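Here is a short briefing on one protein chain. Look at the structure first, then go through the points by topic.

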Amino acid sequence: MKTVLTHLLLFLSIVLSAQTPYPQITNIPGRNATCLDGNWKYIVDVYNTGAMDYRANPIPDRSSFFADRSFYSNQKVLVEYDFDYAKEIAVPGDWNTQRPELYYYEGAVWYRTKFDAEPKQGSRYFLYFGAANYETVVGLNGRRLGSHEGGFTPFNFEVTDRLKEGDNSLVVNVDNTRRMDGVPTVNSDWWNYGGITRSVYLVETPETFIREYSVQLKKGSQGVIEGWVRLDGPDAAASVNVSIPELKVSKTVTADASGLACFEIDAKPVLWCPENPKLYEVTLSSGADKVSDRIGFRTIETRGDKILLNGKEIFCKGISIHEEMIGGAGGRANSMEHARALLAEVKAMNCNFVRLAHYPHNENMIRAAEEMGIMVWSEIPVYWTISFDNPDTYANAECQLTDMITRDRNRANVIIWSVANETPLGESRLRFLGNLISKARELDPTRLVSAAMEKVEKPGRMLTVNDPLTEIADLISFNQYVGWYDGTPEKCDDVTWTFDIKKPVIVTEFGGGALYGRHGDVDQRFTEENQEYLYQKNISMLDRMPGLAGTSPWILKDFRSPKRMLGGIQDDYNRKGLLSEKGERKKAFYVMQSWYGTK
């Protein structure tokens with residue numbers, strides 16, 4: 001009789017033959033892609049039963065499924081379970097908010113979906129994952145494709161030689177167990193949502209195709225569009241056409257032997273800005289491949305203590321956001337509808353800027369913000385006490401930075417790449433972050449690069465940022481909680497801010513907590529009145545801060561965090577949101593709305 005563990009199929013080859021993901025393919029919305037989202041089968045693997053050493057831990061009732069035992073000897077293998085009796089769970093989605101029993105779960109979960117395919121001769125095929133948290137192993141039709149580490153960046157595998165006509169079985173193992181050497185590490189102040197949290201696609205391309213590209217204004221110019229295209233395939237040294245019909249632009253260049261084609265085009269585009277987020281239809285074509293994108297053109301730079309967008313000073317009227325949806329069961333925001341709901345509140349607050357904390361958010365959020373005229377600070381999860389001395393941790397962080405920039409380098413609204421948040425001072429940390437900043441500038445020399453640092457207090461109630469990273473970064477950007485973690489709100493009236501260098505200042509976090517609907521005196525913690533008063537005092541202080549070029553208070557909405565355990569008030573939520581988790585506006589929301597309305 002058929003049982004849940006019958007029909008065990010080989011899913012993974014030996015670990016030593018593991019593959020890394022294929023180089024990232026960008027702009028999936030502009031390609032021939034089939035979405036594999038929907039209800040997938042899942043099995044919770046608390047003890048990692050799917051990863052066994054079959055010599056050290058032989059299982060008699062499974063041994064008959066492996067004819068050549070010597071092949072598996074002393075090697076870990078993973079197997080594809082029979083999912084016939086398994087329950088279903090939505091992809092994309094986190095398991096924590098979909099299943100009450102998995103609310104706090106950290107560990108491994110197996111996913112399986114089946115899909116039909118009709119592979120064509122002369123085409124290539126790739127499985128693309130928007131993100132899965134945190135370690136992911138992927139197999140197709142009983143064979144391992146490879147693995148990926150990192151919970152917030154995309155990855156893809158080529159499956160051209162593994163895709164079958166008709167029915168295909170895709171199995172994914174996702175493990176969100178926190179690790180000391182991970183990025184982020186074990187200590188973080190947000191919910192460790194596990195699962196395939198972003199969309200999955202089967203992407204079809206010609207044999208030689210456009211893998212990635214950059215199209216933007218040349219640095220220091222508003223009349224020259226420059227860029228490059230990377231071809232991938234056997235005929236990579238081919239011609240590439242770049243077309244922007246609205247600008248009456250069409251240019252053809254030839255790629256070198258590595259598949260790289262560079263170009264410059266004289267043009268006078270209408271520049272993207274919050275008041276007029278102009279996007280142009282751009283088409284890239286080479287041989288049988290054609291990719292379309294909507295791209296805006298703008299410049300971003302600093303001059304002294306000013307931030308200049310398109311050569312004009314701009315104040316970044318911002319708010320920080322975690323990737324959680326408003327209302328419903330909560331959980332990871334993954335759809336365009338989720339993004340627009342969050343950003344509608346951002347616009348209602350009179351913001352023109354968001355800090356997407358503390359990791360790269362999904363592509364829907366970036367693209368929706370670009371269409372709505374909202375500038376973006378995008379960050380990788382180098383957070384608190386990362387293992388700065390570990391070269392593998394650095395390699396992981398640099399990979400996440402590279403993947404973030406690769407995916408979003410053509411989005412005009414991204415103006416700042418951030419390499420860290422609230423990291424402790426030290427030589428290894430400075431070297432770690434300094435190398436990341438250098439890498440960011442190597443990958444994209446057109447944008448600003450910074451990190452969220454911390455303030456210090458000097459005698460005489462003088463506040464400053466005493467961090468050598470300010471010498472390297474483009475901004476003096478830092479978190480401060482005067483009136484919440486540092487004294488009472490009245491302290492804001494007594495402090496003076498000073499900075500040793502002249503660069504634009506962005507206060508990346510400030511604020512305090514309140515439970516929506518909890519009312520009381522201004523000195524009663526977690527009341528809306530106390531939060532409102534705290535914001536009023538902070539704004540008065542910020543108006544006196546030299547070089548202030550923007551703020552992104554903490555945070556748009558209440559978000560889940562297991563560190564927040566105050567019963568009846570927090571209940572697993574960080575309550576510093578200006579909205580409740582349901583989207584209800586607290587009194588402090590209107591303080592920021594009014595202040596930004598005057599900027």
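Asp572 sits in the loop between strand 35 (559–560) and strand 36 (573–574). Strands here are DSSP runs (E, at least two residues) and helices are DSSP runs (H or I, at least four), numbered from the N terminus. This is a predicted model: local features need pLDDT of at least 70, side-chain atom pairs count only at pLDDT 80 or more, and totals for chains, interfaces and linings use all residues. Residues are numbered from 1 along each chain as its sequence is written, and side-chain values use heavy atoms, with hydrogens and water left out.

- Asp572 is not a glycine, yet its phi is positive, about 75 degrees.
- Asp572 is buried, at 11% relative accessible area. Buried means under 20%, exposed over 50%, and partly exposed in between (1.4 Å probe, protein chains only).
- Asn350 also is not a glycine and has a positive phi, about 70 degrees. Its loop runs between helix 3 (336–348) and strand 25 (353–356).
- Asn350 counts as partly exposed, with 32% relative accessibility.
- Most residues other than glycine have a negative phi, and most peptide bonds are trans.
- Val91 and Pro92 are joined by a cis peptide bond, with omega about 5 degrees. Pro92 lies in the loop between strand 6 (87–91) and strand 7 (108–117).
- Asn133 and Tyr134 are joined by a cis peptide bond, with omega about 10 degrees. Tyr134 lies in the loop between strand 8 (123–129) and strand 9 (135–140).

**Strand pairing**

- Strand 21 (residues 300–303) pairs antiparallel with strand 22 (residues 306–309) over four bridges. Two strands pair if DSSP finds at least two bridges between them.
- Ile300 has Leu309 in strand 22 as its bridge partner.
- An open, mixed sheet holds three strands in the order 29-30-32. Strand 29 (456–458) and strand 32 (496–497) are at the edges with a single partner strand each, so one side of each has no neighbour in the sheet.
- Strand 30 (residues 462–464) runs parallel to strand 32, paired over two bridges. Leu463 stands opposite Trp497 in strand 32.

**Whole chain**

- The protein chain has nine helices and 36 strands.
- The C-alpha trace spans about 75 × 60 × 45 Å along its principal axes.
- Buried residues make up 61% of the 599 residues.
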